[in-house]
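Me: Please show me the chain and its model. I have some questions about side-chain packing.

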Amino acid sequence: MKKSYLWWVLCFGVASHATELSSLQTQIVQQQNKVRTQEQAKNSLQQEVLDFQDALKALDLQLQEISESLQKNEKKQKELQKKQQKLTQDFEQQKAELHEISIVLYKAKLTPGFLEKIFAGGDKHTTVLKNHFSYLLQKKAKLLKSLDETQHLLLNQQQQLLVQTNAIHQQKEELQKVLAQKKIIEKNYLQSLSNLQQQLIKERQKLAQLQENERALRAKIAEAEKRAAAQVLQAQQKALLASAQKGLGLPHHQYAYPVKSLGILHQFGSHQLGELRWRGMVLSASQNAPVRAIYTGQVIFAGKLSGYGLMVILKHGKNDLTLYGYNQKLLVKTGDVVSTGQEIAYVGTISGQAQTGLYFEISRYGEGVDPLGFLKK
């Protein structure tokens, strides 16, 4: 019955928080999983953004190469224009030379049949004339051939340059379209990443708040447990005191010695000094041997008392006291409730002597009584 009551007292202080703590811990685990999932998504998206930006760099580089190709083509076009101008000049010069030859032939009224008759002669003048007109005809043929080759070369070069330039322009336009689309996708990627990062910040803040709530709740539970333990201790002390209300009872050797005795140094009632007699007894005991309460009681004094060193006085019921002196160290304080056999001090040296021992006294109604009647034989 008593055990059930104490358990109820303990549970009453903390049970109201147990479900709340369990729920809070579940929320923390869920929030941690949520944050972990979002961090993984963020890292994955960041990697996608990096890969995408690498692709954009490659496109930018390709566009730069195309622009350089266009610049080279423009340079070639300018060179071709200069060459075209030179060919045009040559063409005009050749046309002028051909025109002069045609005029000479026209003025001389030299037809092919006439020239054949002249060249058939074998004199010196005929030979000179023949050579001169042969030169003029050969030069005319060369000029016509050169003019044709020049025009053909110029046309081919212009066509090649036009085809190449158009292809580069088309490639550049297509690449610019792709790049523009990629830029839009990149913008969307970055916006998504920004949104995810903002959401992750909020989730981390929520997790931190949950963890802070858990710490506060644990502190509250610890405080409640402390209060419950104090209530249990108080209840135990009350129960102990209630059991000791009748005092030590009649002497019939019912209590164990307060210390492991090595012998009695001074008996109760023996002469102490002059007419002064011992109100208790002095037991020989080892240094630092544990001193135990012979019966349940409350500490009404724990401190230094002149002539007795460190002293503990326990009250049992209304009229009985037990005194324990010559201690080296005390383990209890005034107000504590101790149970039968509980350690309350350690043996020290007898006052004014090098010998170690314990002063033990039983007082009833303020008068010392012989402890041996209460201690087991």
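Me: Is Phe-360 buried or exposed?

Reply: This is a predicted model, where local features need pLDDT of at least 70, side-chain atom pairs count only at pLDDT 80 or more, and totals for chains, interfaces and linings use all residues. Residues are numbered from 1 along each chain as its sequence is written, and side-chain values use heavy atoms, with hydrogens and water left out. Buried means under 20% relative accessible area, exposed over 50%, partly exposed in between (1.4 Å probe, protein chains only). Phe-360 has a relative accessible area of 0%, so the residue is buried.

Me: What kind of aromatic pair do Tyr-324 and Phe-360 form?

Reply: Rings of Phe, Tyr and Trp (its six-membered ring) pair if their centres lie within 6.5 Å; planes under 30 degrees apart count as stacked, over 60 as edge-to-face and the rest as tilted. The ring centres of Tyr-324 and Phe-360 are 5.4 Å apart. Their planes stand at 50°, so the pair is tilted.

Me: How many residues apart are Tyr-324 and Phe-360?

Reply: Helices (H or I, at least four residues) and strands (E, at least two) are DSSP runs, numbered from the N terminus. Tyr-324 sits in strand 8 (residues 320–330) and Phe-360 in strand 11 (residues 356–364). The pair links distant parts of the chain, 36 residues apart.

Me: Which residues touch the most other members of the largest nonpolar core?

Reply: A nonpolar core is a set of buried Ala, Val, Leu, Ile, Met, Phe, Trp, Tyr and Cys residues joined through side-chain atoms within 4.5 Å. The largest one has 26 residues. The members that touch the most others are Ile-294, Tyr-324 and Ile-344.

Me: Which strands each supply at least two residues of this core?

Reply: One of them is strand 11, which also holds Phe-360.

Me: Why does the pair of Tyr-255 and Tyr-295 tie together separate parts?

Reply: The structure holds 6 aromatic pairs. Tyr-255 and Tyr-295 form a tilted one, 5.5 Å centre to centre with 45° between the planes. Tyr-255 lies in the loop between helix 3 (124–243) and strand 1 (263–266), and Tyr-295 in the loop between strand 5 (290–292) and strand 6 (297–305), so the parts they join are 40 residues apart in sequence.

Me: What is the relative accessibility of Thr-296?

Reply: Thr-296 is placed in the loop between strand 5 and strand 6. Thr-296 counts as buried, with a relative accessibility of 6%.
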